[in-house]
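Biologist: I have a structure open and want to learn how to read it. Can we go feature by feature?

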Amino acid sequence: MELKNKRVLVVGLARTGVATALFCAARGAAVTATELRSEAEIGENVAGLRAAGVTLELGGHQEKTLLQQDLLVPSPGVPADAPLLLAARAKGVTIWNEIELAYRFLQGTLIGITGSNGKTTTTSLVAHILQAAGLPTVLAGNIGTPLISCVDGTSKSTVTVVELSSFQLELIEKFRPNISVFLNLTPDHLDRHHTMDSYGAAKARIFENQTEEDAAILNADDPAAVPYAPTRPRVYWFSRKQRLAQGAYVRGEEIVFRHDGKEEAVLARREIPLVGEHNLENVLAAVAATRLAGADAAAVAKGVRSFAGVEHRLEFVTEIGGVRYYNDSKATNVDATLKALDAFPGRILVILGGKDKGSDYTVLQKPLREKAVLALLIGAAAEKIDTQIAGSVAIERAGTLERAVETASHAARPGDVVLLAPACASFDQFQNYEHRGRIFKDLVRQLEQHPAGAAAGKSTPTASGRS
C-alpha cells in the first residue's frame, strides 16, 4: 500500500497508536493523532510525534476531523462500535486497525495465535522454538511489541509470530496468517463484546482470509472452540485427551505429531518445564505450529525443554519460609484463574480482584473449596467476588495488593502457595497486568528482606475477615 500523501487519522495514543502514527509519518502520510488524554498525561511520546510531523488533537476527539481523512486507524482499546468509528464509517472513511495496516507491508511467513487464555505463553514458546531451530523469527502483537513496529525487520525468510486479541481481530479486512492457532474460548471481555457469540466471532476472524494453502490449528478438547473450525485452510488439532488424524496429542507419556498419515514422537511429557494441564495444551499447540512452520522434531523438543516460561504467567517468584509465591497477573479472566488453581495440589492463598469484565465468579467456588485456604480480595470487583464465592473459602477483604501480600505472608504456613491470579483486569488500580505483576513481585521481595512475619503459622482469617 502507498501511504505517501494519504491523510491518516490515528485514534488513541497508547503504545500501538504511537507506533502506528510514527510508521505512517515515516512513509510520507499526513498524520493526525487524536487522544482523550492531555499532553501531560501522554508524556514523553508527544515530543517524538511532533518531531515526526504528526498533528495532535489532545483532550478529545473532533468529528469534523474525520471528514478530511483517507484512512482511520483506531488503537485496540477503541471499541469497534465507538461513536467516533460509527461516524467515520457512515462517512465512508476506510477503517483499519494496526495489524491490518502492518499486514499490507509485512514480508515472510505469518503465524497468528489467539484464544481466551494461553496466548502469550504459546506465542512466546512458538517464537522460542523457531529461534532454536535457526529460523529468523520476529515476536510481536498483543504480547507487547506492536506488529507495525516490526515490519521493517522482516524479509521473505522471516517467520513472524503474532499474538492476537479479539480487539485486534475485530477490524481486519485482508489480514491472513499462513498458520493460525485458536487455543480456546471461555468468557472474557463481555463488557466490550456483550455476548459470547460476538466474542467468539471476533476471535474466529483469524481464519477469515485463509486459503487452502494455509493451516488452522484448534483445540479438539474445547467444545466452545471446535464449532469455529474453518473450511478453507487445512485443519490441524491438538488434544490432551484423544488421538487425532492430524495434529499434536498425547500418546501415553509422549507428545506426538501426526501429519499426512505419519506419526512422530517429539518429546516426553515429563520434559515439559511448565506446570499445569493448560500449559500442556499450550505446548501441544506450539508443537503443531512449529512443525508446520518448518522446525524439525529435534529442534521443537529442544525449544520446549529450554523454555523458561513468560513473566506474569504462573511465574515462580520465590520461596520464603517454605511458602512459595507465584505471579499469574496475566490471569485476567475467570478461566485463567481456574487453570492457575488447577496447577497446584492444594493449600493455596489466592489473591483475586481488580476491574470486573462482566464475569461470573461462582464457577470458582468448587476449586476454591477443594484447594484454597484463603481468598484475599482486592480492587473494584471485591464486593461482587465476595458475594459470588461466599461459603466456599475463608475470605479477607484486603482492598489493596500490598495489604493482600502482607496478610497472606502472615496467614501462610510452610508448604502453602500464595498465588496472584486475579480473574480481573488491572485498570482500577494499575496501568496494566504487567504493572500489577511487577508490584506483586516487589512486595514479595520486600518480604524476603523482612521475613519475620512470613509463614509464621498464624491463624487464617475467617470468611468475615477476622482471625
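Biologist: How much of helix H7 is buried?

Modeller: Buried means under 20% relative accessible area, exposed over 50%, and partly exposed in between, with a 1.4 Å probe and protein chains only. Eleven of the 14 residues of H7 are buried, so the rest of the structure largely encloses this helix. Among the buried ones are Lys 119, Thr 120, Ser 124, Val 126 and Leu 130. This is a predicted model: local features need pLDDT of at least 70, side-chain atom pairs count only at pLDDT 80 or more, and totals for chains, interfaces and linings use all residues. Residues are numbered from 1 along each chain as its sequence is written, and side-chain values use heavy atoms, with hydrogens and water left out.

Biologist: What span does H7 reach, and what follows the helix?

Modeller: Helices are DSSP runs of H or I with at least four residues, strands are runs of E with at least two, and both are numbered from the N terminus. The expected span of a helix is 1.5 Å times one less than its number of residues. H7 covers residues 119-132 and reaches 20 Å from its first C-alpha to its last, close to the expected 20 Å. Gly 134 follows H7, with a positive phi near 85 degrees.

Biologist: Which residue of helix H11 has its C-alpha 8.7 Å from that of Val 126?

Modeller: Val 283, found in helix H11. Val 283 and Val 126 are 157 residues apart along the chain, yet their C-alpha atoms are separated by 8.7 Å. Val 283 is buried, with a relative accessible area of 1%.

Biologist: Now sheets. In what order do the strands of the five-stranded sheet lie?

Modeller: Two strands pair if DSSP finds at least two bridges between them. Here the order is S3-S2-S1-S4-S5, in an open sheet with parallel pairing. The edge strands are S3 (55-58) and S5 (94-95), each pairing on one side only. Inside the sheet, five bridges join S1 (residues 7-11) to S2 (residues 30-35). Val 10 has Ala 33 of S2 as its bridge partner.

Biologist: Last one. Which residues lie nearest the centre of the second largest pocket?

Modeller: On a 1 Å grid over the protein atoms alone, a pocket is an open set of points with protein on both sides within 12 Å along at least five of seven lines, and lining residues have an atom within 4 Å of a point. Of the 15 lining residues, Arg 240, Lys 241, Glu 281, Asp 335 and Lys 339 lie nearest the centre. Helices H11 (277-292) and H13 (334-342) are the elements that give two or more residues to this lining. H13 gives the most, with four.

Technical notes: On a 1 Å grid over the protein atoms alone, a cavity is a set of points where a 1.4 Å probe fits but cannot get out, and a pocket is an open set with protein on both sides within 12 Å along at least five of seven lines; lining residues have an atom within 4 Å of a point.
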